[in-house]
Amino acid sequence: MSCAPGDANRAALGVSWHEAASRLNVKIHRRKIMLSYSRRNFALMLGGMSLSHWVPASTLESSPISVQSGRSLPIAVQRFHERFMRRAIKVSAKNPAYPFGAVIVNTSTGEVLAEGVNTDSKNPTWHGEIDAINAYIDKHGNTGWSNVTLYSTGEPCAMCMAAIVWTGISRVVWASSIQAIRNAGIGQIDIPAVEVAERAREFYRPKALIGGVLADQTDLIFRNRKK
Ligand SMILES: [Zn+2]
């Protein structure tokens with residue numbers, strides 16, 4: 001096999017392109033890590049608490065999106081989330097048959113910005129999370145999503161998680177898992193919230209998905225709900 005004179009040059013050029021691309025990739029990767037790190041630090045200045053464990057390493061764009069167990073978090077962080085989960089539980093009591101409640105909180109200040117409860121007797125799509133999102137928009141407009149955390153008594157169903165994805169809410173905390181809700185006899189679309197997030201990774205990268213916060217309480221509430 002013979003080579004035309006230009007092939008050697010092209011081969012050499014190819015190698016240098018390859019090297020340049022590698023160097024660029026290293027730079028981009030470093031930049032992504034630095035951006036992720038600085039975003040995390042900024043977002044975690046909550047009341048002076050050290051919440052360094054709150055955001056998992058999965059915020060790096062190359063890693064899979066994962067759910068953190070609330071129980072794996074530092075105690076101070078658990079207490080922080082439990083405070084707002086208790087509020088969601090209180091809201092959920094407005095619907096004793098389907099006690100799905102949600103609150104949307106300003107991640108930086110802890111201010112509760114909106115609440116929602118399942119009202120599917122009026123509209124089958126008005127789950128707690130959707131109700132809270134609609135209430136938030138009514139009060140605050142379609143803005144500020146990256147600086148809020150949504151708390152829900154139940155893991156968001158596929159519909160609600162898709163709505164969360166479309167808003168861009170970057171932190172979601174829930175109590176009972178979809179499986180626990182099914183075990184309590186409430187029909188659920190059997191798609192984990194993290195799978196919806198993962199399939200939207202082209203444009204959605206949550207900073208935190210945390211499950212199981214006060215689940216011991218909400219599992220009982222779902223099991224003993226008014227039927
Ligand atoms: Zn839902």
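What share of the 227 residues in the protein is buried? Buried residues make up 38% of them. Keep in mind that this is a predicted model. The legends below start with the whole chain and then go in for close-ups.

View 1. If you follow the chain along its sequence, the pattern reads α-β-α-β-β-α-β-α-β-α-α-β-α. Now take the contacts between residues at least 6 apart in sequence: 62% of these join residues at least 24 apart.

**View 2. Helix α2 covers residues 75-92.** Its 18 residues reach 25 Å from the first C-alpha to the last, which is close to the 26 Å expected at 1.5 Å a residue.

**View 3. Strand β5 (residues 171-176) is mostly covered, with six of its six residues buried.** On one side, β5 pairs with strand β4 (residues 148-154) in the parallel sense, over five bridges. Look for serine 152, which stands opposite tryptophan 174 in β5. To get from β4 to β5, the chain passes through helix α4 (residues 158-167), and this β-α-β crossover is right-handed. Strand β6 (residues 208-211) also runs parallel to β5, joined to it by three bridges. There, valine 172 has leucine 209 of β6 as its bridge partner.

**View 4. The largest nonpolar core holds 48 residues.** Which of them touch the most other members? They are Met85, Val103, Leu150 and Tyr151.

**View 5. Glycine 168 has its place in the loop between α4 and β5.** Why does glycine 168 count as partly exposed? Because it has 15 C-beta neighbours inside 10 Å, and a residue would need 20 or more to be buried, or 12 or fewer to be exposed. Setting aside residues up to four places away in sequence, glycine 168 touches Trp145, Ser146 and Tyr204. Tyrosine 204 is 36 residues away from glycine 168 along the chain, yet 6.7 Å separates their C-alpha atoms.

How values were computed
Residues are numbered from 1 along each chain as its sequence is written. This is a predicted model: local features need pLDDT of at least 70, side-chain atom pairs count only at pLDDT 80 or more; totals for chains, interfaces and linings use all residues. Helices (H or I, at least four residues) and strands (E, at least two) are DSSP runs, numbered from the N terminus. Two strands pair if DSSP finds at least two bridges between them. A crossover is right-handed if, with the strands pointing away from the viewer, the path from the first strand over the helix to the second runs clockwise. A nonpolar core is a set of buried Ala, Val, Leu, Ile, Met, Phe, Trp, Tyr and Cys residues joined through C-beta atoms within 7 Å. Two residues are in contact if their C-beta atoms, placed from the backbone, lie within 7 Å. The expected span of a helix is 1.5 Å times one less than its number of residues.
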